[in-house]
Amino acid sequence: MEKINTVKGTKDLSGFNLMMHKKVCEIFTKLCESKGFQEINTPIIENSKVFKKTLGVTSDIIQKEMYSFVDQGGEEIVLRPEGTAAVARALITNSMLDNLNKKFYYFGPMFRREKPQTGRLRQFHQVGIEIFDEKNPFNDVESILIAEKFLKLLGIRDKIKLEINTLGNLESRKNYISDLVKFLKKNISRLSSESKKKLETNPLRILDSKNNEDKEVIEESPKILNFLDDESNFFFEAVLNNLKKLNIEFSVNPYLVRGLDYYNDTAFEFVTFEDKSQNAILAGGRYDGLVSSLGGKNLSGVGWASGIERIILNLKEFKVKKKIIAIIALSEDLNTKILEVLYKLKPFDGVVFHSIYSGSFKKKMIKANKLKSYGCVIIGNEEIKENKVIWKNMESGFQEILDLKEINEFLEKKIAN
RNA sequence: GUGGCUGUAGCUCAGUUGGUUAGAGCGUCGGUUUGUGGUACCGGAUGUCGGGGGUUCAAAUCCCCUCAGCCACCCCA
């Protein structure tokens, strides 16, 4: 029989891996809830317009990475490649633009048809936040602050640096791009062939090229910071000053740009220090035009998204201290009693009750041991006649007998230490 | 999408210039008799050598194609 595998770039999640996943989401959820964010859960399939109208026709995502299909009703459907545009769409769909609280968080799978590598999958998972509001630098800082806190809670902040830049408002950016293009055209012979193409389609992206020849040209090229108008400049300074006051470490990277069209002004990235390919752990920025480009009112926003798989790559193993308690009976005719006990037991935090039904008694003990049980509840033929069971501490080997009636209270004490 | 590397039991790998029934460690399973695990000892099982085709008397080993993973580019979280 031919073995059927997962689709390229997708993974089954189970066991330890799944647990890490859930842990990241749990930390994220708790943090966001405590800071007044509310969860939003948008569908995995969307009308393709949601992204085509917002991400930019020159972006790789739109050009070649979206999973799309025409459904039986003739509608062009895509598997969502990212979360921000979908959340913005949801606000419009559900008339939430005037809600008092427009801070949202989400997590879930995203889909992009890329060539898979470590930290780059076709189905990957993101957590993210969005703050929709008037354009206000404090929101930019708050979103960065949440990111900062999130990475700290995960224990990976020290592996990661924060880089920040501004793309300026539309006006500033337009002026900058025209000058940049002028300069690059003069030096076109020195550019890589990739960058030559981008000159026509997406000149800003030339700035973060890793090609050495490009880098030389880029160093000499005009800088966005010199093209900011007063408004953009004031906004960026406000963000930076607040970060400084809050003792958030960052460095301004004038070559940091965004791949998606809807971004303007603040752009930031949390990247690992190691010089690897998939080193952006968390990235975001401000988007003024997003909501209106989807037909909503003129409402600005700022937010970020982070790849769960990339976080996990940097995570030291979480220690899960789950205590396993095996429930076994001396003979198989007592298996019904196991079920009785299992049913009687109340759930304890961090405790897993594991019933074992088959094999000789010795086999069951071996199995309990292999499960790394903290203890065993043993149902013995003699003891059960008096409604008693045996408790065995698997670390010390010490055994005692207890009343079945008091099993919850008894175990509560045993588990506590 | 482009280029490079890799692919042998569940896992980590070994496999000599092509040459008999493809190996090790770990894990797994069974045993060392009674209502008690861990250590020790003994024993068993497992592989279409990623898949397909070709060269050859003979292929895990050479050639071609393909798939998957990894690394870089690209892109991005």
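Predicted model: local features only at pLDDT ≥ 70, side-chain atom pairs only at ≥ 80, totals over all residues.
Which residue in E4 does Ser68 stand opposite? Ser68 stands opposite Val78 in E4. Residues are numbered from 1 along each chain as its sequence is written, while chains are lettered from A and ligands numbered from 1 in the order in which they are written.

**Overall form**

Chain A has 15 helices and 16 strands. Helices (H or I, at least four residues) and strands (E, at least two) are DSSP runs, numbered from the N terminus. The radius of gyration of chain A, taken over C-alpha atoms, is 28 Å, well over the 22 Å that the globule rule gives for 417 residues, so chain A is more spread out than a compact globule. That rule is 2.2 Å times the number of residues to the power 0.38. The C-alpha trace of chain A spans about 95 × 55 × 45 Å along its principal axes.

A residue is buried if 20 or more other C-beta atoms lie within 10 Å of its own, exposed if 12 or fewer, and partly exposed in between, with C-beta atoms placed from the backbone. By this count, 32% of the 417 residues of chain A are buried. Two residues are in contact if their C-beta atoms, placed from the backbone, lie within 7 Å. Among contacts in chain A between residues at least 6 apart in sequence, 69% join residues at least 24 apart.

**Strand pairs**

Strands of a sheet pair through backbone hydrogen bonds, either parallel or antiparallel. Here two strands pair if DSSP finds at least two bridges between them.

| Strands | Direction | Bridges |
|---|---|---|
| E2 (residues 45–47) and E4 (residues 76–79) | antiparallel | three |
| E3 (residues 68–70) and E4 | antiparallel | three |
| E7 (residues 160–166) and E8 | parallel | two |
| E12 (residues 323–329) and E14 (residues 375–379) | parallel | five |

Val78 in E4 stands opposite Glu46 and also opposite Ser68. The hairpin of E3 and E4 has five residues between the strands, and in this hairpin Gly74 takes a positive phi near 85°.

**The two open sheets**

One open sheet has eight strands in the order E1-E5-E6-E11-E10-E9-E7-E8, with mixed pairing. Its edge strands, E1 (38–39) and E8 (251–252), each pair on one side only. Val252 in E8 is the bridge partner of Ile164.

Angles between axes run from 0 to 180 degrees between N-to-C directions, and the axes are lines fitted to C-alpha atoms, for helices over the stretch in contact. Helix H1 (residues 15–34) lies across E5 (103–111) and E6, at about 5° to E6. Helix H4 (residues 84–93) lies across E5, E6, E10 and E11, and runs at about 50° to E6.

The other open sheet has five strands in the order E13-E12-E14-E15-E16, and its pairing is mixed. At its edges are E13 (351–355) and E16 (399–403), each of which pairs on one side only. Neighbouring strands of this sheet are turned by 25° against each other on average, direction ignored. Ala329 has Ile379 in E14 as its bridge partner. Helix H12 (residues 335–344) lies across E12, E13, E14 and E15, running at about 145° to E12.

**Two residues with positive phi**

Most residues other than glycine have a negative phi. Ser95 is not a glycine, yet has a positive phi of about 50°. Ser95 is placed in the loop between H4 and E5 and is exposed, with 9 other C-beta atoms within 10 Å. Asp265 is not a glycine either, and has a positive phi of about 50°. Asp265 is placed in strand E9 (residues 264–272) and counts as buried, with 27 C-beta neighbours inside 10 Å.

**The surface near RNA strand B**

Of the 53 residues around RNA strand B, Gly259, Gly307, Asn369, Gly380 and Gly397 come nearest. The elements that give two or more residues to this surface include strand E6 (123–133), strand E10 (280–287), helix H11 (308–314) and helix H13 (361–370). H13 gives the most, with seven residues.

The residues of this surface divide into 15 nonpolar, 18 polar and 20 charged. Ala, Val, Leu, Ile, Met, Phe, Trp, Tyr, Cys and Pro count as nonpolar, Asp, Glu, Lys and Arg as charged, and the others, Gly among them, as polar.

Terms used
Near = placed C-beta within 6 Å.
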